[in-house]
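Hi there,

Here is the structure I promised to pass on to you.

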Amino acid sequence: MSFDVAIVGGGMVGATLGVALAPLNLRVAIIEAIPHNAAAQPSFDERTTALSNGSRRILETMGVWPALSALATPIRKIHVSEQGRFGFARIDAAEQGLSAMGYVVANRDLGSALWSRLSKSAGIEKIAGIEVYCPAEVSQVTAHAESVTVEIAQQGIKSTIEAKLIVAADGAQSAVRGAFGVDAQVRDYAQTAIITTVLPQRFHDNVAYERFTPSGPMALLPLDGGRCTLVLTLTQEAAQSVMAWSDQEFLAEVQRRFGFRLGRLLKVGRRVPYPLSLTRAMRTSSGRCVIIGNAAQGLHPVAGMGFNLGLRDVASLAELIAERAALEDADPGSPGLLAEYDAWRASDRGAVIAFTDGLVRMFSNPLAAVRRLRNLGLLAFDLLPPAKAALSRLSTGGSGRVPKLARGVSLT
């Protein structure tokens, strides 16, 4: 079979691209190894995602947000502090003229909302030719001058498809990226994030907390029912020990690190560990392959920018494909399109990677002089509205060329 675009990876970023391309009357293939509602699906697991306002607008313009809005918890304020220091920073949505700084959504809910749209697109009511191969794996990729041949293994049966453009959305260990000879720079932070849900004594008032401790950052994100998502970052050795603790021991340690802003922490859910690293592809395209999401950049969760950055990858690529879709002999894998994509994404991508990595390094430095500087920096940030506005623009991709979907403009 022949397609205009083949998306390898149906996780959060790959599925979003499929939905974005659905109205463009293109032939699109989505290849994913694990169904979105399977317990083993790593993209749509117990974790939650903090969506920026720009990301919400992208999903809203695509028609996905209505299925999520009732399930999303708004973030009205953000509070940043360092354990053992007086400095802190606050960002208030109202001060920025916003109803919320962002929204916390369960990954499983996001997966359900996206794949319900893809299922409709692939059924009787389809807008465009979306063909889903799932569960299926890519066994071989062969690049040609005018197309890419993809060999797919599905339930023991092999088939072959051709596509003008192949999209690597298959995660930080992307096999498609490797097949096109694109190396990735990996920095192991030697840290593990333990992610769970906690119930505090007091209502969170829709405040997201980021607290830096000597062993790593921790975050509490507001959820429905007064619950909070907890992201606790530890050294790998400490994480192994902590995972063996009882719930009471675990809550006591989190309480010691976080304090009593929300009263006592009463309950904790299942704890799941995730190793942390920075993965950065050396290029975002090669031949007729474009690399997006975690395949292009896998970030530390310290600032919650990873999926939001990947969503801007999607919005930018979909816009460029849409601009050319109506042209005679349109080629979504043309060198000109991919070069424009690379140039468009370079600034946003570079700024977010540098900010996230720099934040991890700065708050991991144990030197007393650096700690004092961090404390003064948090105080200064809290007193400078322009700095808060600049961070808001960085987190939402609001500087430079903003994709149509992020401005509420449809691609058709």
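Let me start with Asp-247, which lies in helix α6 (residues 247-258). Helices here are DSSP runs of H or I with at least four residues, strands are runs of E with at least two, and both are numbered from the N terminus. With a relative accessibility of 34%, Asp-247 counts as partly exposed; the scale calls a residue buried under 20% relative accessible area, exposed over 50% and partly exposed in between (1.4 Å probe, protein chains only). Leaving aside neighbours within four places in sequence, Asp-247 is in contact (heavy atoms within 4.5 Å) with Val-268 and Arg-271. Leu-266 is 19 residues from Asp-247 in sequence, and their C-alpha atoms are 9.9 Å apart.

Before going further, please keep in mind that this is a predicted model, in which local features need pLDDT of at least 70 and side-chain atom pairs count only at pLDDT 80 or more, while totals for chains, interfaces and linings use all residues. Residues are numbered from 1 along each chain as its sequence is written, and side-chain values use heavy atoms, with hydrogens and water left out.

As for the whole protein chain, it has 10 helices and 20 strands. Of its 412 residues, 52% count as buried. Among contacts between residues at least 6 apart in sequence, 73% join residues at least 24 apart.

The helix pair I would look at next is α1 (residues 12-21) and α7 (residues 306-325), whose axes come within 9 Å and cross at roughly 30 degrees. The axes are lines fitted to C-alpha atoms over the stretch in contact, with angles from 0 to 180 degrees between N-to-C directions. The two helices are therefore roughly parallel to each other, a label for angles under 35 degrees. On the α1 side, the contact is made by Met-12, Val-13, Thr-16, Leu-17, Ala-20 and Leu-21; α7 contributes residues including Phe-307, Leu-311, Val-314 and Ile-321. The residues of this contact divide into 11 nonpolar, two polar and no charged (Ala, Val, Leu, Ile, Met, Phe, Trp, Tyr, Cys and Pro count as nonpolar, Asp, Glu, Lys and Arg as charged, and the others, Gly among them, as polar).

How many residues of each helix are buried? For α1 it is 10 of the 10, so α1 is largely enclosed by the rest of the structure. For α7 it is 17 of the 20, so α7 is likewise largely enclosed by the rest of the structure.

Best wishes

Conventions
Angles under 35 degrees count as roughly parallel, over 145 as roughly antiparallel, 65 to 115 as roughly perpendicular and the rest as oblique.
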